[in-house]
Amino acid sequence: MPHIIVEYTDNIKDEADIAGLLEKINRSIISHGNLFPVGGIRSRAIELHDYFIADGTGNDAFIHITMKIGAGRSEEEKTIVCDRLFDVVKKHLALLFEKHYLAISMDLYEFSEAGTYKWNNIHERYQS
């Protein structure tokens with residue numbers, strides 16, 4: 001963990017550089033040191049084709065980011081991570097935001113380890 005899901009409307013696909021955004025998201029999370037294991041970070045994007053925004057009269061767009069983490073970090077740590085991550089997202093999308101009607105949002109979901117199943121050998125690469 002964490003797992004990050006970026007949902008975005010297809011009308012900004014050509015201008016949003018979603019692949020670049022995913023890379024910046026991972027780098028932002030990694031920048032917090034050992035707070036999250038590097039081998040557990042997963043970022044992915046889902047392009048939305050079916051959506052309806054506001055009253056439907058404009059060419060509005062949105063990007064919504066969901067960040068899922070396991071329990072164990074303090075409120076202060078979560079706030080720092082989310083504030084920094086949202087700043088990275090806003091900076092990446094600043095030019096698009098200036099020329100397009102765009103809503104950007106982010107949610108953090110924290111859950112216990114009970115009921116989760118994992119099998120991951122990527123962690124081994126980061127152990128020294």
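Which residues line the largest pocket? In this predicted model, where residues are numbered from 1 along each chain as its sequence is written, local features need pLDDT of at least 70, side-chain atom pairs count only at pLDDT 80 or more, and totals for chains, interfaces and linings use all residues. Side-chain values use heavy atoms, with hydrogens and water left out.

The lining of the largest pocket consists of Met1, His3, Gly40, Arg42, Lys68, Phe111, Thr116, Tyr117, Lys118, Trp119, Asn120 and His123. A pocket here is an open set of points, on a 1 Å grid over the protein atoms alone, where a 1.4 Å probe fits and protein lies on both sides within 12 Å along at least five of seven lines, and a lining residue has an atom within 4 Å of a point. The space in the largest pocket is about 210 Å³, a volume being the space filled by probe spheres set on the points.

Pro2 belongs to the segment before strand S1 (3-9); strands (E, at least two residues) and helices (H or I, at least four) are DSSP runs, numbered from the N terminus. Most residues other than glycine have a negative phi, and most peptide bonds are trans. Asp17 sits in the loop between helix H1 (13-16) and helix H2 (18-30), and with a relative accessible area of 44% Asp17 is partly exposed. Ala54, in the loop between strand S2 (42-48) and strand S3 (61-70), counts as exposed at 64% relative accessibility. For these classes, buried means under 20% relative accessible area, exposed over 50%, and partly exposed in between, with a 1.4 Å probe and protein chains only.

The loop between S2 and S3 also holds Tyr51, whose partner Phe62 lies in strand S3, so the pair ties together parts that are 11 residues apart in sequence. Tyr51 and Phe62 form an edge-to-face aromatic pair, at 6.4 Å centre to centre and with 80° between the planes; rings of Phe, Tyr and Trp (its six-membered ring) pair if their centres lie within 6.5 Å, and planes under 30 degrees apart count as stacked, over 60 as edge-to-face and the rest as tilted. Both partners are partly exposed, Tyr51 with a relative accessible area of 28% and Phe62 with 23%.

Strand S3 also contains His64, which counts as buried at 14% relative accessibility. Its side chain makes polar contacts with the side chain of Thr66 at 3.5 Å and with that of Asp107 at 3.1 Å, a polar contact being a pair of N or O atoms within 3.5 Å, of which, within protein, one must be able to donate a hydrogen and the other to accept it, while residues adjacent in sequence count only if both atoms are side-chain atoms. Not counting residues up to four places away in sequence, His64 touches Ile5, Val6, Glu7, Ser105, Met106 and Asp107, where contact means heavy atoms within 4.5 Å.
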